[in-house]
Amino acid sequence: MSTYEKEYDVIVVGAGHAGCEAALAAARMGHPTLLLTINVDHIAAMSCNPAIGGLAKGHLVKEIDALGGEMAKNTDQTGIQFRRLNTRKGLAVQGSRSQNDRDLYRKRMKSVIESQPNLDIRQAMVDHLLVKDSRIYGVESQIHEKFLSKTVVLTTGTFMRGLIHIGLDHFPAGRMGDPPSVGLSEQLKELGFEVGRLKTGTTPRLNGRTIDYSGLIVQPGDENPRPFSFTTKKIPLPQVPCHITHTNKKTHDIIRQGLDRSPLFSGVIEGVGARYCPSIEDKVVRFAEKERHQVFLEPEGLDTAEVYPNGLPTSLPIDIQIKMVRSVPGLEMAEIVRSGYAIEYDYINPIQLKPTQETQLVKGLFHAGQINGTSGYEEAAAQGMLAGINAVLKIRGEEPLILKRSQAYSGVLIDDLVTKGTNEPYRMFTSRAEYRLLLREDNADFRLRDIGHGLGLVSDEVYHDFCKKRDDVEKLFSRLKESKIRPEPSVLDRLKELGSAPIKNKMSLEQLLKRSEIFFEHLHLFDPNLSKIEGLVADEVETRIKYEGYIDRQERQVKKMAHMEDVRLPEAIDYQAIHGLTTEVREKLGRVRPVSLGQASRISGVTPAALMAIQVHLKRVSAVPG
């Protein structure tokens, strides 16, 4: 057994989307960091569909960027189609999504990591955590090499006891082509962690040269692609279309014929699957009344013929997969390049984490990504970044970064996990955020850029540009408030052309913009110089003005709840000593160990009376002379 000569502040285990952001954050904050991965050629691999973002997920990507992370930049540089979703609905629930070149995404992220100062990469399978007196001090690889560090971030993805299923055949794997990690699960159990089992799946990949696109619906990207990163000026790659087709009665009949050999329906799979991203066989059974399901044919890259049929994730036997695929219009002659499969893997109940993502049982050990029961690249990356930041802050002895629910979707994500736990793959939705009008994609920089710069993750140059944008927004606000129009004939004529009611008294451009039929570009008719305003500045001002009433209401709600979030609960508080709590509430509070009264209020079963009892106890304790 050997011990690696170099010691680190942070070791990150796993180089998926969570691991990459965790390692980059720690290294960029100036701390020696080691990234360990089973296969260095698979850093940031897109194991499922080659896409980033989507509803609520796009918000997470923007927040990662605002804090100084890499996912948004990597997406912009490797994106081959960009689309804004939900554009007919309010800004709070709109989202960005991109198709990406799978190979370029992986290669660029690997290059970024390789060139990052303070960050080393090593190919190794971690088999054992080095723990003494409930504190971690490093890891040990499968070949008995020890790596020492002050903190460890586990981002194991689907690798812990990963088991792939195709029909009734199954075999150990972390994902297709990579071995699983076996030893970690057993050790984590021995340390007292609650280990559960989840399942996810992927589609067969098709040879695009064997697809007949002639009768299919073309789905182009946006004419003017909007980048994910606030610093991206231009999308560099050529943009390509996707295509839409549908399953049909024949498809569903073929699927039903194969259910007796489906691991999902024959009881072979034990893990719980994602409710909101079910396999095609699950959809056919659960929604038997539906005559068809939509399938998006998504190109995997610019220099490959492989196509991802989004909507057909399956673990059916390969002979059924072939028949199923060829029953879909446009895919009658399609050849499968890689079969679809389901994968089961172990995860740790996230209720055993602190809001910093440090485990309650082992000091210095952090968990991020699918090990916490989440699904999705974006959820993983957001957790990874915050875990990396908090690992560094712990080493420094500084206050941790815990984002509030009113501050970021990332805050909602982590608060949900550590407060409520999960027994199924957790996916982010806009409906999970009670203050979603405050948490728009477009204002992620206003919410988080100051924090990123304060941590040293956002450069002075980038921060300077943001400060200028913020100043420009304030100046435009003042300008629109001060600029007035009067009920003159020329003004009334323009309002009539715009389908807007005439004015009887002078009105500010700010008041005019509040009208539902008036948009910022219409203001150019009354003040031609407004056409010179930068688009992002105009968008931010227009949004705030049009939604002012709703935004003010949510901000009042945040202030109303702020006093509960500000009441901190001591780490060593003894809930057994608090008079007036039920046994159930004591048990839940002792298990979650909330850091604030606000977090305690979100634990299922903790009543207003229980919260009052806690406050009374805190006052009594603070009144006792030390």
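**Cores and a pocket in a predicted model**

In this predicted model, the largest nonpolar core comprises 66 residues, and those with the most contacts inside it are Met-71, Ile-113, Val-153, Ile-389 and Met-428. Two or more residues of this core come from each of the following elements: strand E2 (8–13), helix H1 (17–28), helix H2 (57–67), helix H3 (71–78), helix H4 (102–114), helix H9 (377–396), helix H10 (409–420) and helix H11 (444–454). The element that gives the most is H9, with eleven residues. In soluble globular proteins, nonpolar side chains tend to be buried together.

Leaving aside residues up to four places away in sequence, Met-71 touches His-17, Glu-21, Ile-52, Val-61, Ile-64, Tyr-105, Tyr-377, Glu-378 and Ala-381.

From the cores, the reader may turn to a pocket. The second largest pocket has a volume of about 1,100 Å³. Its lining consists of 43 residues, of which Thr-356, Pro-400, Ile-402, Arg-568 and Val-595 are the closest to the centre of the pocket. At least two lining residues are supplied by each of H9, H10 and helix H16 (548–566). H10 provides the largest share of this lining, namely five residues. By class, the lining of the second largest pocket contains 18 nonpolar, ten polar and 15 charged residues.

Key. Residues are numbered from 1 along each chain as its sequence is written. This is a predicted model: local features need pLDDT of at least 70, side-chain atom pairs count only at pLDDT 80 or more; totals for chains, interfaces and linings use all residues. Side-chain values use heavy atoms; hydrogens and water are left out. A nonpolar core is a set of buried Ala, Val, Leu, Ile, Met, Phe, Trp, Tyr and Cys residues joined through side-chain atoms within 4.5 Å. Buried means under 20% relative accessible area, exposed over 50%, partly exposed in between (1.4 Å probe, protein chains only). Helices (H or I, at least four residues) and strands (E, at least two) are DSSP runs, numbered from the N terminus. Contact means heavy atoms within 4.5 Å. On a 1 Å grid over the protein atoms alone, a cavity is a set of points where a 1.4 Å probe fits but cannot get out, and a pocket is an open set with protein on both sides within 12 Å along at least five of seven lines; lining residues have an atom within 4 Å of a point. Grid points are joined across faces, edges and corners, and a volume is the space filled by probe spheres set on the points. Ala, Val, Leu, Ile, Met, Phe, Trp, Tyr, Cys and Pro count as nonpolar, Asp, Glu, Lys and Arg as charged, and the others, Gly among them, as polar.
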